[in-house]
Amino acid sequence: MAEPLLSLRGVTKIYGPVHANSGVDLDVEPGAIHAILGENGAGKSTLMKLIYGVDTPDEGDIYWRGERFEVTSPAAARKLGVGMVFQHFSLFETLTVVENVSLLVPGSKRELTSRIKQLGTEFGLEVDPLAYVHALSVGERQRVEIIRCLLADPKLLILDEPTSVLPPQSVELLFDTLRRLAATGVSILFISHKLEEIRSICTHATILRGGKVTGNVTPKDFDAHQLATMMIGRNMPDPAPAKEVEKGPLLLDVAHVSLPSEDPFGVSLEDVSLEVRGGEILGIAGVSGNGQSELAAVISGETMLPRAADGRLSMMGTDVRTMGPAARRGFGFAFVPEDRLGQGAVPQLSLTKNSILTAHSKGMVARGMIRGGRATEFTRTCIADNDVRTPGASAEAGSLSGGNLQKFIIGRELMLEPKLLFLNQPTWGVDIGAATAIRKRLIELRNAGCAILVISEELEELFELSDHMQVLHDGRLSGRFKTSETEPEDIGRAMIGAEEAAQ
Amino acid sequence: MTTFALPKLVRREKASLPILVAAPFVALLAAALSNLVLYAAIGVDPFAVFYAMLIEPFTSYFSFSEVLLKAGPLLLIAQGLAIGFRAKVFNIGAEGQFVLGAIFASAIPVYYPMASGAWLWPSMLILGTLGGLLWASITAFWRVRLNANEILVSLMLSFVALQLLNYLLLGPWKDPAGFNFPQSVMFPFDALLPTLLPGTRVNISLLIALAVAVAAWFFTQRSFAGYRLEVGGLAPNAARYAGFSQNGAIWISLLIGGAAAGLAGAAEVSGPVGQLQRSISTGYGYAAIIVAYLGGLHPIGIVFSAFLMATLYIGGDNAMVSAGLPIAAVNVFQGSLLLAYLVAITFVRRRLVWPQKATTEMVAQP
Amino acid sequence: MIAIEFILAGMLAAATPFLLAALGELVAERSGVLNLGVEGMMALGAAIAFITVYTGGGHVPAFIAGGICAMILSLFFAFATIGLHANQVATGLAVGILGLGLSAYFGKPFESFTVTGIDKIAIPGLAELPLVGGLFYQDIVVWLSLLFTVALWYVLTKTKLGLLLKAVGENPHAAESIGYPVRLIRVGAVAFGGFMAGVAGAYASTVYTPLWADGMIAGRGWIAVALVVFGTWMVGRVFLGALLFGAVSLGGIAVQTVGLAIPSQLLTSLPYIVTIVVLGVISSNRRLLRLNGIASLGEPYEK
């Protein structure tokens with residue numbers, strides 16, 4: 001066996017009360033495609049931060065080609081030959097591709113331009129070197145990140161959840177690139193929680209659970225179910241069967257809504273139409289950055305439509321085009337936003353004060369004054385009914401873990417007893433336990449006659465939850481797909497805008 | 001490889017209340033020490049200054065009453081500003097709003113110098129409040145409609161307000177019998193605020209300021225409107241999500257700040273000054289910014305910081321007379337106090353962690 | 001005609017304090033830091049430079065001393081905001097108040113004293129032209145400021161340093177993740193801004209109006225901050241803005257030479273009113289501000 005390129009021995013990192021990594025051992029061989037597998041919160045990102053020098057371990061050692069190194073900064077890691085492709089890219093939107101590259105790679109602009117083109121053909125990473133990054137699609141941005149890393153001639157390339165931003169077709173392209181790279185001797189650390197992908201591309205896998213290594217395997221020797229069991233430490237919960245229920249009245253009716261983006265870096269919505277009835281879950285699929293946040297703002301009322309705008313936007317039969325979020329809530333609408341800290345909740349305020357944010361109409365305000373008792377009572381109920389793990393109602397929202405805060409926010413919105421519920425990325429960054437609980441709640445709610453609209457990047461989640469799906473691509477919404485009669489590939493084609501499929 | 005060991009700032013799980021309370025005192029101590037060094041540097045006896053600034057104001061009935069007199073406008077303006085600052089609406093043009101309050105209030109006695117009656121001073125206060133409010137509404141309009149930075153606009157308007165005051169005092173409002181001095185007529189008796197403490201200049205505006213403090217407490221701590229402003233300041237996206245109007249928050253913040261400053265300006269001309277003069281603008285509007293921050297933007301904290309700042313004003317005057325300190329020393333002290341305080345409160349939500357181990361040796365893998 | 005000639009001749013010199021302070025602030029803001037203490041830093045630079053010249057130190061040491069003292073003040077700001085994540089707006093105000101106080105404190109013994117300015121240099125041939133000739137008869141600092149403006153434009157738009165500054169201002173987390181020391185770069189940018197504010201103040205108190213009076217900066221530092229917004233963070237536009245304010249600040253005197261009966265207070269207010277109006281016009285173009293704006297401006301950077 002060749003000497004490992006990178007070895008970790010007993011690496012431990014503690015943040016406050018959390019052991020993000022404890023005693024992690026890892027060996028990465030030259031030319032290997034090595035998966036780090038684990039669910040949200042298992043410590044994958046922390047481990048990568050330690051390897052890339054963003055943070056330093058509290059205990060344990062990192063060896064590079066057999067020699068011990070203190071990786072104190074990303075600059076030091078890059079000097080060793082470590083490159084990293086971040087999940088949320090570290091690109092500069094107001095600069096061009098070649099300018100972005102030049103910040104990391106020495107050389108004149110002309111030189112870099114030709115090298116970018118050359119690398120593009122060599123590894124299937126075509127991108128216009130002179131384009132501004134804000135004008136690129138998410139997939140193209142990922143290519144730029146990879147190119148930027150490759151130009152620095154890395155020995156080890158770390159990719160953090162690289163496929164989460166890609167439609168299924170592009171995933172194959174990326175894998176092809178990675179295989180070609182590995183063949184040239186570059187080691188690849190591939191962080192993911194998607195089991196099938198890991199089985200198809202990785203030569204090794206290290207499984208993390210609760211910050212500890214629970215397995216070192218060759219992924220091809222196991223099936224997805226076995227890997228999942230290693231990853232979460234018990235059997236995968238079965239999704240609740242989505243039995244058909246009788247459709248209720250039309251509760252959300254959006255027809256031919258267009259909204260040009262005021263933000264030059266934003267996406268304009270064009271001729272968007274969708275309908276959600278009681279007892280139905282409609283899923284909106286699509287790669288992020290295709291107008292999800294704009295669509296969410298239009299439906300929630302954070303962005304109101306101009307009075308003279310064409311199209312229809314009604315909730316519970318009432319035209320709400322020019323109404324704000326508070327007015328829409330008055331009709332029985334509730335909304336769980338994408339950004340938990342800073343949008344769904346105010347991090348510096350207590351949970352009680354965060355209850356007032358959307359639930360103030362539940363008797364928490366009288367003659368302009370806040371009735372603290374009511375708010376506390378509401379919050380305690382919400383914490384108890386939704387299994388929110390927190391010291392109490394007076395805890396600051398910012399001190400809760402992502403999953404617990406999401407349970408609190410969803411719980412708060414459900415206590416508004418909505419007829420129409422809208423969720424944007426409901427389980428993003430939430431651990432499997434909480435995610436399963438959330439999905440179960442949503443299906444129960446649908447069975448009870450609530451109309452639910454879900455925007456999600458996770459196709460699997462949408463297939464599990466929704467009765468119908470529509471796909472958002474470049475600000476346009478596809479026609480309706482009936483989930484039970486649709487394959488992921490159909491959705492995938494719509495995600496890259498290949499076809500405007502309907503019914 | 002040697003590692004360079006700087007302490008790291010780490011977020012606390014929860015805001016630290018003890019540090020929040022201790023911060024102003026630590027800042028006061030730090031500012032006092034550094035300023036005493038500065039006084040010694042120009043050959044002024046630091047202990048004489050210390051005595052004159054912090055002790056002397058409390059050694060006589062009269063000088064203590066002067067502290068109370070100064071505290072009134074500072075308290076009023078700072079309460080108004082703090083409401084805006086909590087909502088991250090930075091009205092730093094209180095000086096101009098104060099001047100406009102003084103001008104509006106003076107309009108009655110200037111145009112009706114013989115007026116009398118119990119209605120006189122209350123209507124002047126109301127008119128002054130309106131003046132400050134209107135001046136601040138320009139800033140609010142510019143911010144809401146034109147997206148212009150309220151810091152710059154409100155500040156520029158203060159410079160303009162000062163020129164407006166100069167124009168009036170040198171031109172149309174100049175006292176014809178005033179030997180060409182840039183000041184208005186002396187106000188009639190009924191235009192003056194009733195005195196609170198006999199034998200001093202302390203008047204009922206102090207009571208008004210304390211009442212405003214109580215109202216501010218209810219507004220910020222208990223009212224739904226105050227809650228909406230607080231959310232807007234802490235997390236604008238959460239306010240948008242909840243459906244709290246951001247434009248509304250800007251209007252409310254600036255109008256409250258302007259009204260409070262205008263009221264303070266009116267109380268100044270109808271109180272200790274008794275006429276409209278250039279010297280009514282002595283930087284209360286800027287000092288109140290410091291008062292607001294030093295009080296932790298909390299209505300109760302502001303009551304204390306207003307008295308502290310008033311003490312520094314009176315003490316600074318004393319130090320000028322008794323210790324020969326330049327009056328600008330008060331501004332230096334104010335600036336360093338605010339700076340020290342802003343540094344101190346960063347530790348409410350963060351703490352320093354010193355690196356535990358600094359291993360420098362390089363070990364080969366066994 | 002005389003008024004136009006007068007404005008053309010004096011515009012560049014009047015614009016220089018605005019220009020130098022605004023370009024310094026532009027660099028700080030491009031790195032993502034909003035330092036509102038420009039007025040105080042300018043005042044401190046002005047006082048120190050004046051004292052240096054008055055006590056026989058000469059103009060070159062005066063500019064350096066003024067610049068360095070203002071820079072030290074800006075480093076207090078940098079320590080609080082970049083080192084400890086203090087609120088940038090409030091800290092900027094504190095530094096401004098402190099700088100104004102210090103300038104009055106140190107300047108007190110020199111109140112109303114005057115010093116000799118520096119000689120003007122004529123560009124042969126051009127300076128004799130009718131009407132516009134005055135434009136080409138300026139002191140050395142004005143000429144150097146013009147060169148500096150071009151140099152800064154080159155550095156910010158054509159070099160890697162400029163690219164890096166823009167990158168740090170747009171997305172400090174990304175800049176750190178690809179290995180750049182974000183805080184160090186920001187401290188450097190703030191210190192540069194402080195130095196330039198001090199030099200701008202030095203020019204105001206020892207060359208443009210070579211006398212010391214408490215409060216002589218009179219809001220020019222604040223206008224410089226506004227100029228950065230007017231110029232949408234671009235050197236060329238900031239330069240044009242500074243020229244405009246140079247001309248406006250001379251407008252008062254020019255109008256009086258023509259003999260129009262306008263209250264002097266209105267003329268004194270003119271730069272402030274123009275600032276308010278222009279700020280409204282530029283800011284209402286939200287798209288322009290978003291395109292050219294600094295994404296992380298005013299936000300504390302925490303890992």
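Two residues are taken to be in contact if their C-beta atoms, placed from the backbone, lie within 7 Å. On this criterion, in what is a predicted model, 16 residues of chain C are in contact with 19 residues of chain A. The composition of the side of chain C that touches chain A is six nonpolar, three polar and seven charged residues.

Between chain B and chain C, 36 residues of chain B are in contact with 39 residues of chain C. Two or more residues each are given to the chain B side by helix 5 (120-146), helix 6 (150-170), helix 11 (284-294) and helix 13 (328-349) of chain B, and helix 13 of chain B gives the most to this side, with 12 residues. By class, the side of chain B that touches chain C divides into 26 nonpolar and 10 polar residues, with no charged residues.

The secondary structure of chain B itself comes to 13 helices and two strands, and the C-alpha atoms of chain B fill a box of roughly 100 × 60 × 35 Å when taken along the principal axes. Of the 366 residues of chain B, 54% count as buried. Among contacts in chain B between residues at least 6 apart in sequence, 79% join residues at least 24 apart.

Within chain C, the axes of helix 5 (residues 140-158) and helix 10 (residues 235-258) of chain C come within 9 Å and cross at roughly 155°. As angles over 145 degrees count as roughly antiparallel, helix 5 of chain C and helix 10 of chain C are therefore roughly antiparallel to each other. From helix 5 of chain C, the residues C:Thr149, C:Leu152, C:Trp153 and C:Leu156 meet C:Val235, C:Gly236 and C:Phe239 of helix 10 of chain C. This contact between helix 5 and helix 10 of chain C has five nonpolar and two polar residues, and no charged residues.

In chain A, an open sheet of four strands is found in the order 2-1-4-5, with antiparallel pairing. Its edge strands are strand 2 (18-28) and strand 5 (67-69) of chain A, each of which pairs on one side only, and the twist averages 30° from one strand to the next. Strand 1 (residues 6-15) of chain A runs antiparallel to strand 2 of chain A and is joined to that strand by seven bridges, with A:Val18 in strand 2 of chain A as the bridge partner of A:Tyr15. Helix 1 (residues 44-51) of chain A lies across strand 1, strand 2 and strand 4 (59-64) of chain A, and runs at about 60° to strand 2 of chain A.

Elsewhere in chain A, nine of the nine residues of helix 11 (residues 351-359) are buried, so this helix is largely enclosed by the rest of the structure. The buried residues of helix 11 of chain A include A:Leu351, A:Ile356 and A:Leu357, along with A:Lys353 and A:Asn354. Within chain A, the buried residues of helix 11 pack against helix 10 (325-329), strand 18 (369-370), helix 12 (372-385) and helix 13 (402-414). The packing of these residues also involves chain B, through helix 8 (224-234) and helix 9 (236-242) of chain B.

Technical notes:
Residues numbered from 1 in each chain as written. Chains lettered and ligands numbered in written order. Predicted model: local features only at pLDDT ≥ 70, side-chain atom pairs only at ≥ 80, totals over all residues. Nonpolar A, V, L, I, M, F, W, Y, C, P; charged D, E, K, R; others polar. Pairing = 2+ DSSP bridges. Axes fitted to C-alpha atoms, helices over the stretch in contact; angles between N-to-C directions. Buried ≥ 20, exposed ≤ 12 C-beta atoms within 10 Å, placed from the backbone. Parallel < 35°, antiparallel > 145°, perpendicular 65-115°, else oblique.
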